[in-house]
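Here is a short report on one protein chain. Keep the sequence and the 3D view open while reading.

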Amino acid sequence: MQAHKMLLDDVEEDDFKLIGIYANLEPYKMAFLLNRFLSLKLMRSRFDVDFNHKDAQAMYALFTYKDLANYRDYCLVSNKFKGKSRKILNAGTLFLEEEVRPLEVNLIPQYKKVDFFLKIEENIEDQQVHQLVNLIGRIPQVQAAYKIHVDQLKSKQNLIFE
């Protein structure tokens, strides 16, 4: 049997808009606030976004909402994972020696300071995205929110999930 390779360029890119949110909150609290201020119905996804980084297996909280009336999907995903890195120092002895240290890794490394991304898939105009950014910016617990230009994203593939 012959293996079939598929290049990422061959896959049709998702059409989505992206908003970066600065808010030092737990993911469930951010989802609650977005639901309240934007009249969304974000719910915790059964599966988090798991990503295998060099030093750790990271899990990023994911909340989703399918807006059937407007033919639109919303995904709120955490950009930061805080955990512990385990590095084996010496495996040649009877006892395994390993170093455990705190670790923070980002889903989108290009935006290290962004706490959350709100991904909006399908049918949304730039003016509507601008309105959402303004509404999110009015949430008292949010320090800032802005539209991210997806075409300039270096690790766009990290946002293709579900």
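**Layout**

This is a predicted model. The protein chain holds two helices and ten strands. Their order along the sequence is β-α-β-β-β-β-β-β-β-β-α-β. The chain has 162 residues, and 40% of them are buried. Take the contacts between residues at least 6 apart in sequence: 65% of these join residues at least 24 apart. The accessible surface is about 11,000 Å², and carbon and sulfur atoms account for 50% of it.

**Confidence**

The mean pLDDT of the protein chain is 83, and 76% of the residues score at least 70. Helix α1 has the highest confidence, at 97, while strand β7 (residues 80-90) has the lowest, at a mean of 66. Residues 4-12 stay under 50 in pLDDT. For that stretch the model has two contacts beyond four places in sequence. Where pLDDT is low, the predicted coordinates should not be read in detail.

**Nonpolar cores**

In soluble globular proteins, nonpolar side chains tend to be buried together. Which residues touch the most other members of the largest nonpolar core? They are I19, I21, L34, L76 and L118, in a core of 26 residues. At least two core residues come from each of β1 (16-22), α1 (27-38), β5 (62-67), β6, β9 (116-122) and α2 (126-137). Helix α1 gives the largest share, five residues.

L118 shows how these parts meet. Leaving out residues up to four places away in sequence, L118 touches K17, L18, I19, I21, L34, L38, Y74, C75, L76 and I136. Another core, of 20 residues, lies apart from the largest one; L18, Y60, Y111 and L159 are among its members.

I120 lies in strand β9. Is I120 buried or exposed? I120 counts as buried because its relative accessibility is 0%, under the 20% cut-off. Beyond four places in sequence, I120 touches D15, F16, K17, I19, R72, D73, Y74 and L132.

R72 belongs to strand β6 (residues 72-78). R72 is buried, yet has no salt bridge. The nearest side chain of opposite charge is D67, 4.7 Å away. A salt bridge needs a nitrogen and an oxygen within 4 Å. Leaving aside neighbours within four places in sequence, R72 is in contact with Y65, K66, D67, I120, E121, N123, I124 and Q128.

**Two positive phi angles**

Most residues other than glycine have a negative phi. S39 has a positive phi of about 55 degrees and is not a glycine. S39 sits in the loop between α1 and β2 (43-44). With 62% relative accessibility, S39 counts as exposed. Y71 also has a positive phi of about 55 degrees without being a glycine. Y71 sits in the loop between β5 and β6. Its relative accessible area is 63%, so Y71 is exposed.

**Salt bridges**

Side chains of opposite charge can pair when their charged atoms come close. The count of salt bridges comes to seven. Three of them are listed here.

| Pair | Closest N and O atoms |
|---|---|
| K17 and D126 | 3.5 Å |
| D73 and K66 | 3.4 Å |
| E104 and K82 | 3.8 Å |

D126 is partly exposed, with a relative accessible area of 45%.

In the pair of D73 and K66, K66 counts as exposed at 52% relative accessibility.

E104 lies in strand β8 (residues 97-106) and K82 in strand β7, so their pair ties together parts that are 22 residues apart in sequence. E104 counts as partly exposed, at 40% relative accessibility. K82 counts as exposed, at 62%. Salt bridges that share partners also join K17, D126 and K147 into one network.

How values were computed: Residues numbered from 1 in each chain as written. Predicted model: local features only at pLDDT ≥ 70, side-chain atom pairs only at ≥ 80, totals over all residues. Heavy atoms only, no water. Helix = DSSP H or I, 4+ residues; strand = E, 2+ residues; numbered from the N terminus. Buried < 20%, exposed > 50% of the residue type's maximum accessible area, 1.4 Å probe, protein only. Contact = heavy atoms within 4.5 Å. Areas by Shrake-Rupley, 256 points an atom, 1.4 Å probe, with all protein chains shown as cover. Lys, Arg positive; Asp, Glu negative; His and termini not counted. Core = buried A, V, L, I, M, F, W, Y, C linked by side-chain atoms within 4.5 Å. pLDDT = per-residue confidence, 0-100.
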